[in-house]
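Visitor: I'm new to this one and would like to walk through it with you. Could you put it up on the screen, please?

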Amino acid sequence: MVINLLNPKQDKITQRRFYDEKGNVKVNIDLIDHGHSKVHSIVPHAHDRENGERQREFRPLTEVKKEKIKDIWSDEE
């Protein structure tokens with residue numbers, strides 16, 4: 001399952017969340033820098049989830065994940 005988070009103030013999708021077959025969140029892909037461009041210099045980026053907790057560390061997207069958000073993200077943005 002995949003769910004998009006819409007930020008009503010910006011009127012755009014700011015996150016895509018992926019779930020496993022049991023309904024647990026596996027990864028969040030953030031399309032914003034959370035207002036901290038120095039800390040989150042990679043946009044978009046992924047936050048993995050472990051035991052229901054979002055990991056503080058983030059990582060660049062794999063090519064597979066980039067493909068899964070191409071309908072809501074372009075490098076030209």
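Visitor: Let's start with H45: which residues is it in contact with, leaving aside its neighbours within four places in sequence?
Guide: This is a predicted model, and in it H45 is in contact with N28, I29, D30, I32, H34, H40, F58, R59 and L61, once its neighbours within four places in sequence are left aside.

Visitor: And is H45 buried or exposed?
Guide: H45 counts as buried, because its relative accessibility is 0% and the cut-off for buried is under 20%. As for its place in the chain, H45 is in strand β4.

Visitor: What does its side chain pair up with?
Guide: There is a polar contact of 3.2 Å between the side chains of H45 and H47, and a polar atom of the H45 side chain also lies 2.8 Å from the backbone oxygen of I42.

Visitor: OK, so where is H47?
Guide: H47 is in strand β4, which covers residues 45-50, and at 0% relative accessibility H47 counts as buried.

Visitor: What does H47 touch, not counting residues up to four places away in sequence?
Guide: With those set aside, H47 touches V27, N28, D30, H34, H40, R54, Q55, R56, E57 and F58. As a matter of spacing, the C-alpha atoms of H47 and P60 are separated by 9.2 Å, and these two residues are 13 apart along the chain.

Visitor: H34 came up in both lists. Where is it found?
Guide: H34 is found in the loop between β3 and β4, where it is partly exposed, with a relative accessible area of 32%. Its backbone deserves a look as well, for H34 has a positive phi of about 60 degrees although it is not a glycine.

Visitor: Changing topic: which peptide bond is cis?
Guide: The bond from V43 to P44 is cis, with omega near 0 degrees. P44 itself is placed in the loop between β3, residues 25-30, and β4.

Visitor: Now pockets. Which residues line the largest pocket?
Guide: V43 and P44 are part of that lining, together with I42, L61, K66, I69, K70, W73, S74 and D75. By type, the lining divides into six nonpolar residues, one polar and three charged.

Visitor: And how much space lies in it?
Guide: The largest pocket holds about 170 Å³ of space.

Visitor: Let's step back to the whole chain. In what order do its elements run?
Guide: From the N terminus on, the order is β-β-β-β-β-α, that is, five strands and one helix. The radius of gyration of the chain is 12 Å, close to the 11 Å that the globule rule gives for 77 residues, so the chain is as compact as a globular protein of that length.

Visitor: What box do the C-alpha atoms fill?
Guide: Taken along the principal axes, the C-alpha atoms fill a box of roughly 35 × 30 × 25 Å.

Visitor: How much of the chain counts as buried?
Guide: Of the 77 residues, 29% count as buried. Turning to contacts between residues at least 6 apart in sequence, 19% of them join residues at least 24 apart.

Terms used: Residues numbered from 1 in each chain as written. Predicted model: local features only at pLDDT ≥ 70, side-chain atom pairs only at ≥ 80, totals over all residues. Heavy atoms only, no water. 1 Å grid on protein atoms, 1.4 Å probe; cavity = no way out; pocket = protein on both sides within 12 Å on 5 of 7 lines; lining within 4 Å. Points joined across faces, edges and corners; volume = space filled by probe spheres on them. Nonpolar A, V, L, I, M, F, W, Y, C, P; charged D, E, K, R; others polar. Helix = DSSP H or I, 4+ residues; strand = E, 2+ residues; numbered from the N terminus. Buried < 20%, exposed > 50% of the residue type's maximum accessible area, 1.4 Å probe, protein only. Contact = heavy atoms within 4.5 Å. Rg over C-alpha atoms; globule rule 2.2 N^0.38 Å. Polar contact = N/O pair within 3.5 Å; in protein donor to acceptor, adjacent residues only side chain to side chain.
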